[in-house]
Protein chains: 2
Amino acid sequence: MAKLISQAVIKRMPRYYRYLGDLLDSGVERISSDALSVKMNVTASQIRQDLNNFGGFGQQGYGYNVKYLHDEIGKILGVDKSHKAIIIGAGNLGQAIANYGKFEKRGFVVVALFDVNLAMKDITVRGKPVLMMEQLEAFIEKNDIEIAVLTMPKERAKETCNRLINTKIKAIWNFAHIDLEVPNDIVVQNVHLSDSLMQLTYNMTQIDREKS
Amino acid sequence: MAKLISQAVIKRMPRYYRYLGDLLDSGVERISSDALSVKMNVTASQIRQDLNNFGGFGQQGYGYNVKYLHDEIGKILGVDKSHKAIIIGAGNLGQAIANYGKFEKRGFVVVALFDVNLAMKDITVRGKPVLMMEQLEAFIEKNDIEIAVLTMPKERAKETCNRLINTKIKAIWNFAHIDLEVPNDIVVQNVHLSDSLMQLTYNMTQIDREKS
């Protein structure tokens with residue numbers, strides 16, 4: 001795939017994947033881009049444009065084969081393969097992610113959690129051990145870990161990130177409320193919940209202002 | 001504020017707020033748009049354009065007064081006022097959000113959690129009670145709740161949403177992996193963790209392909 005595809009398109013692909021998965025679960029075998037467009041509340045031309053980035057998939061007069069399209073988008077998104085992950089920060093949020101079994105369907109396999117809190121040592125979450133931070137680098141190396149999830153406080157995120165970039169880790173799913181600096185060959189995907197919350201309060205406040 | 005501001009701009013504002021908050025904490029009183037631009041890794045012209053949507057705030061040759069700009073963006077984002085919230089779904093994720101004290105600084109005050117699990121009845125999380133779903137509508141009414149956080153499984157999210165739109169709720173912070181349908185005067189802010197994870201695996205897979 002030589003062509004560079006914009007992150008805006010990439011960001012929409014999981015939503016296609018989700019809708020196609022729901023269609024599959026409901027036994028729908030094929031769908032026109034018009035019908036998919038109504039369901040997803042985007043234009044049919046947007047759908048065609050987005051999918052054309054990856055070579056199309058539709059057939060004139062037939063529409064899309066739901067299973068085929070679902071599987072192809074899955075391959076594009078890399079969820080057809082397993083990726084081993086560790087969660088650093090075994091508090092509520094870390095445990096919530098470890099407990100969310102459905103992520104495994106997306107190829108995301110949690111192997112262990114890490115924490116600095118000695119009280120958590122040897123506890124397991126959904127059968128995965130909580131390990132201490134001294135073991136971090138050796139564990140990543142030995143277990144071919146690809147993804148590190150940062151669910152620790154902001155204050156320790158930078159230091160942890162600096163340790164991670166010296167390992168073979170390929171991606172950081174960052175829930176700490178800080179922007180991380182990493183080399184080009186490491187992917188950072190941020191989930192900044194505070195930012196999301198502020199966008200919510202902004203939009204809510206706007207509606208209040210319009211009403212008053 | 002009559003002007004309609006794009007969600008792309010709104011999405012960037014919390015990040016300004018966060019950086020200005022960090023600068024304040026480090027005792028920085030004023031900053032040029034150039035210095036802020038380097039720090040935030042966006043162009044100075046982008047910063048000026050973004051802030052001009054709200055009337056500027058900068059002074060030629062002086063730059064920005066950090067505290068003033070921080071407070072003004074806070075007002076724009078609506079975090080200068082308290083907003084009462086409930087969390088529906090008192091599992092790990094719901095508890096993680098209830099326990100995250102820093103959200104209160106953003107005006108987000110959790111008053112109670114709700115669940116369908118009888119075993120959780122009368123438990124408290126960070127001093128907030130877990131209530132049963134029968135009490136939902138009456139509780140929202142009596143306590144002037146503005147925000148509902150959906151942290152329950154996807155399967156129950158739609159039904160819960162339908163109950164919420166018949167209350168005075170103003171905004172839904174939706175962590176359930178489904179797109180909700182609500183009237184125009186209710187704000188929905190989605191946090192679709194699976195979508196974020198798939199964007200991560202996509203980008204990680206791309207780097208692998210480039211290397212091979």
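At 12% relative accessibility, His192(B) counts as buried (buried means under 20% relative accessible area, exposed over 50%, and partly exposed in between, with a 1.4 Å probe and protein chains only). The model is predicted: local features need pLDDT of at least 70, side-chain atom pairs count only at pLDDT 80 or more, and totals for chains, interfaces and linings use all residues. Residues are numbered from 1 along each chain as its sequence is written, chains are lettered from A and ligands numbered from 1 in the order in which they are written, and side-chain values use heavy atoms, with hydrogens and water left out.

His192(B) sits in the loop between β9 (187-190) and α8 (193-211) of chain B. Helices (H or I, at least four residues) and strands (E, at least two) are DSSP runs, numbered from the N terminus. Leaving aside residues up to four places away in sequence, His192(B) touches Asn174(B), Ala176(B), His177(B), Ile178(B) and Asp179(B), and also Arg18(A). Contact here means heavy atoms within 4.5 Å.

The next topic is the salt bridges. Asp50(A) is buried, with a relative accessible area of 2%, whereas Arg12(A) is partly exposed at 29%.

A second pair stays within one helix. Lys75(A) and Glu72(A) form a salt bridge whose closest N and O atoms are 3.1 Å apart. Both residues lie in helix α4 (residues 66-77) of chain A, three residues apart, about one turn of the helix. Lys75(A) is partly exposed, with a relative accessible area of 40%, while Glu72(A), at 18%, counts as buried.

The side chains of Arg126(A) and Glu104(A) meet in a salt bridge of 3.2 Å, N to O. This pair links distant parts of the chain, 22 residues apart: Arg126(A) is in the loop between β5 (124-125) and β6 (128-132) of chain A, and Glu104(A) is in the loop between α5 (92-99) and β4 (108-115) of chain A. Arg126(A) is partly exposed at 40% relative accessible area, and Glu104(A) is partly exposed at 35%. Elsewhere, salt bridges that share partners join Arg15(A), Arg18(A), Asp179(B) and Asp195(B) into one network.

How the chains are related comes next.

Within chain B, helix α1 (residues 7-25) and helix α2 (residues 33-40) pack at an angle of about 105 degrees, with their axes 11 Å apart. Axes are lines fitted to C-alpha atoms, for helices over the stretch in contact, and angles run from 0 to 180 degrees between N-to-C directions. The angle makes α1(B) roughly perpendicular to α2(B) (65 to 115 degrees). From α1(B), Arg15(B), Tyr16(B), Tyr19(B) and Leu23(B) meet Leu36(B), Lys39(B) and Met40(B) in α2(B).

Methods. Salt bridge = Lys/Arg side-chain N within 4 Å of Asp/Glu carboxyl O. Parallel < 35°, antiparallel > 145°, perpendicular 65-115°, else oblique.
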